[in-house]
Amino acid sequence: MSDALLSVEGVSVRYGDFSAAESVSFSIERGHIVSLIGLNGAGKTTIVNTVMGLHKPESGRIVFKGEDITSLSTEKIVSRGLSLVPQGGRCFNRMSVQDNLLMGSYPRTARKKAKQTLEHVYELFPVLEEMKKRPAGTLSGGQRQMVAIGRALMACPDCLIFDEISLGLSPAVIKDIYNRIIKINREEKTSILLIEQDTKRALGASDSFCVMLKGRVVLSGSSSEIDPETLKKAYFGI
Ligand code: ATP
């Protein structure tokens with residue numbers, strides 16, 4: 001029996017006449033890390049936003065913890081245990097780091113344990129505790145990305161989705177953030193979906209992968225067993 005926590009089942013999404021995702025299917029098992037990789041415009045963000053209820057699919061469904069969540073609002077999806085760290089480490093720049101983090105604990109169950117979760121986020125990212133009173137807009141790109149991750153963690157998710165967290169960050173900061181993502185996965189058993197263009201980094205961190213090209217999943221499998229040549233052909237469509 002499949003132990004899928006999240007299943008994307010035959011999801012198609014259109015923007016007007018344009019088909020951005022065609023019958024996309026993949027799943028994430030409990031405690032696993034899955035990477036969804038592909039070139040610019042492959043449809044990765046479209047799929048992630050659809051999972052989070054920001055787009056409604058034309059067909060297909062999304063199942064989380066055995067429940068069909070396809071037609072739920074984003075707020076309800078977050079309260080069920082799915083959290084997204086959006087592209088670019090978006091923060092409320094004028095708000096303090098701590099208030100940014102607390103914004104993430106709006107689901108009722110998360111609100112009850114917000115103090116405890118905040119302490120945990122500060123343990124994971126000590127620099128955020130040092131800067132907790134500073135406006136988030138004064139932090140570096142890497143630190144703002146940490147705020148965005150911390151905010152997603154404040155919702156106490158069972159599954160965390162990272163949309164291209166490496167974008168615009170230095171290799172040292174990316175390495176540091178990836179180490180912390182792996183720590184979150186190992187210590188809290190949080191399932192993770194990594195959206196990436198950096199295939200090497202994504203495959204190094206994940207148990208399994210899917211490659212998207214022009215709105216379709218063109219290759220999937222175990223990250224440790226992938227043949228580089230097959231991956232290259234699928235990734236570039238050659
Ligand atoms: P990136 O790595 O650049 O974020 P991606 O793989 O996440 O790329 P999407 O952002 O999902 O790809 O975009 C898939 C396709 O849908 C692209 O061709 C994009 O131009 C198009 N697209 C995305 N959002 C919209 C929209 N709101 N309206 C029309 N077309 C869109």
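I looked up the lining of the largest pocket, and its residues divide into twelve nonpolar, three polar and two charged, where Ala, Val, Leu, Ile, Met, Phe, Trp, Tyr, Cys and Pro count as nonpolar, Asp, Glu, Lys and Arg as charged, and the others, Gly among them, as polar. I note that the model is predicted, that local features need pLDDT of at least 70 and side-chain atom pairs 80 or more, and that totals for chains, interfaces and linings use all residues. Residues are numbered from 1 along each chain, and side-chain values use heavy atoms, without hydrogens and water.

I then found that 17 residues line this pocket, with Val-78, Leu-84, Pro-86, Tyr-106 and Arg-151 nearest its centre. A pocket here is an open set of points on a 1 Å grid where a 1.4 Å probe fits, with protein on both sides within 12 Å along at least five of seven lines, and lining residues have an atom within 4 Å of a point. H7 gives the most to the lining, with three residues.

Next I followed H7 (residues 141-153) to H8 (residues 171-188), and their axes come within 10 Å and cross at roughly 15°, the axes being lines fitted to C-alpha atoms over the stretch in contact, with angles from 0 to 180 degrees between N-to-C directions. That makes H7 roughly parallel to H8, a label for angles under 35 degrees. Helices are DSSP runs of H or I, at least four residues long. The residues of the contact of H7 with H8 divide into six nonpolar, two polar and two charged, contact meaning heavy atoms within 4.5 Å.

Technical notes:
Helices (H or I, at least four residues) and strands (E, at least two) are DSSP runs, numbered from the N terminus. Angles under 35 degrees count as roughly parallel, over 145 as roughly antiparallel, 65 to 115 as roughly perpendicular and the rest as oblique.
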